[in-house]
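Subject: Structure handover

Hi,

Here is the structure I promised to pass on. Have a look at it first, and my notes on what turned up follow below.

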Amino acid sequence: MLLRYAPTLVCATALLSKSLAQGTTTIPTDLTSGFDPNSITLQVSYTGDSSEGFKDGTKLSQQDTTKSPTFALGDSSGVNTALSFLILLLDTTNLSNRTLHFLQTDFKADGDKTSISSKSQPAVPYRGPGAFSETGTRQYSFLMYQQTAKGVGVKNLPATGANFDVQKFQSDNGLKAPVAG
């Protein structure tokens, strides 16, 4: 799931069955190796109904993204209540200097359509696009990892606003590549 920020946010989902088929995924390719468009997809909303998610090209003001987003699995994902997910949000504009804006574990199906939610406290509370004084056109990407166990703690997170090494984070925390974004 990708969003862009300029004076307004232009959101583009990477609902993978659509974007991979068209070859238009804009999430950096080093982050998409685990994506399978025939498996799990992630939908994100800032308006509350995550089962719809935002569409490619949707423009949101910075004000629209001040609250934490809601999440759902794509309709073709199926709802498996035994699975738990970790979701994070990164500024992926600069491939060598990514900034973590949100990280929370233990997302599970909650019985409301395909919605997923977490009762765990965020390891990194949500900080919307522009929170670190980013300027110019920016690219933000949501990544979803399948957890191996519920209640997984995360280790070795960078200081607030510091560079986030995705590969090191995955290795330090025993995570495989993200399954959706």
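One term to start with: a residue is called buried under 20% relative accessible area, exposed over 50%, and partly exposed in between (1.4 Å probe, protein chains only). Please keep in mind that this is a predicted model, where local features need pLDDT of at least 70 and side-chain atom pairs count only at pLDDT 80 or more, while totals for chains, interfaces and linings use all residues. Residues are numbered from 1 along each chain as its sequence is written, and side-chain values use heavy atoms, with hydrogens and water left out.

The overall layout

The protein has 2 helices and 9 strands; these are DSSP runs, with helices being H or I of at least four residues and strands E of at least two, numbered from the N terminus. Going along the sequence, they come in the order β-β-α-β-β-β-β-β-β-β-α. Of the 181 residues, 45% are buried. If you take the contacts (heavy atoms within 4.5 Å) with a separation of 6 or more, 69% are between residues 24 or more positions apart. The protein exposes about 8500 Å², with carbon and sulfur atoms supplying 49% of that; the areas come from the Shrake-Rupley method with a 1.4 Å probe, and for residues only the protein chains shown count as cover.

The salt bridges

Side chains of opposite charge can pair when their charged atoms come close. Here there are 2 salt bridges, meaning a side-chain nitrogen of Lys or Arg within 4 Å of a carboxyl oxygen of Asp or Glu.

D30 and R98 form one of them, at 2.9 Å from N to O. D30 sits in the loop between α1 (16-22) and β3, and R98 in the loop between β6 and β7, so this pair ties together parts that are 68 residues apart in sequence. How accessible is D30? With 39% relative accessibility, D30 counts as partly exposed, whereas R98 counts as buried at 5%.

D172 and K168 also meet in a salt bridge, at 2.7 Å from N to O. Both belong to helix α2 (residues 166-172), where being 4 residues apart puts about one helical turn between them. K168 is partly exposed, at 45% relative accessibility.

The aromatic rings

A search of the whole structure gives 7 aromatic pairs. Rings of Phe, Tyr and Trp (its six-membered ring) pair if their centres lie within 6.5 Å, and planes under 30 degrees apart count as stacked, over 60 as edge-to-face and the rest as tilted.

Take Y46 and Y126: their ring centres are 6.3 Å apart and the planes are at 55°, so the pair is tilted. Y46 is in the loop between β3 (42-45) and β4 (58-61), and Y126 in the loop between β8 (115-117) and β9 (138-146), so the two tie together parts that are 80 residues apart in sequence. Both of these tyrosines are buried.

Then there are F71 and F107, with centres 5.3 Å apart and planes at 80°, so this pair is edge-to-face. F71 belongs to strand β5 (residues 70-73) and F107 to strand β7 (residues 99-109), so they tie together parts that are 36 residues apart in sequence. F71 and F107 are buried too. One aromatic cluster takes in Y46, F71, F102, F107, Y126 and F142.

The nonpolar cores

A nonpolar core here is a set of buried Ala, Val, Leu, Ile, Met, Phe, Trp, Tyr and Cys residues joined through side-chain atoms within 4.5 Å. The largest has 19 residues, and L42, F71, I87, I116, F142 and M144 have the most contacts inside it. Two or more residues come from each of β3, β5, β6 (85-91), β7 and β9. A second, separate core has 15 residues, among them I27, Y145, F164 and L175.

Some backbone spots

Most residues other than glycine have a negative phi. D106, in strand β7, has a positive phi near 65°; this residue is buried, at 6% relative accessible area. S133 also has a positive phi near 65°, but S133 is in the loop between β8 and β9 and is exposed, at 60%.

That loop also holds A131, which is partly exposed at 30% relative accessible area.

Cheers
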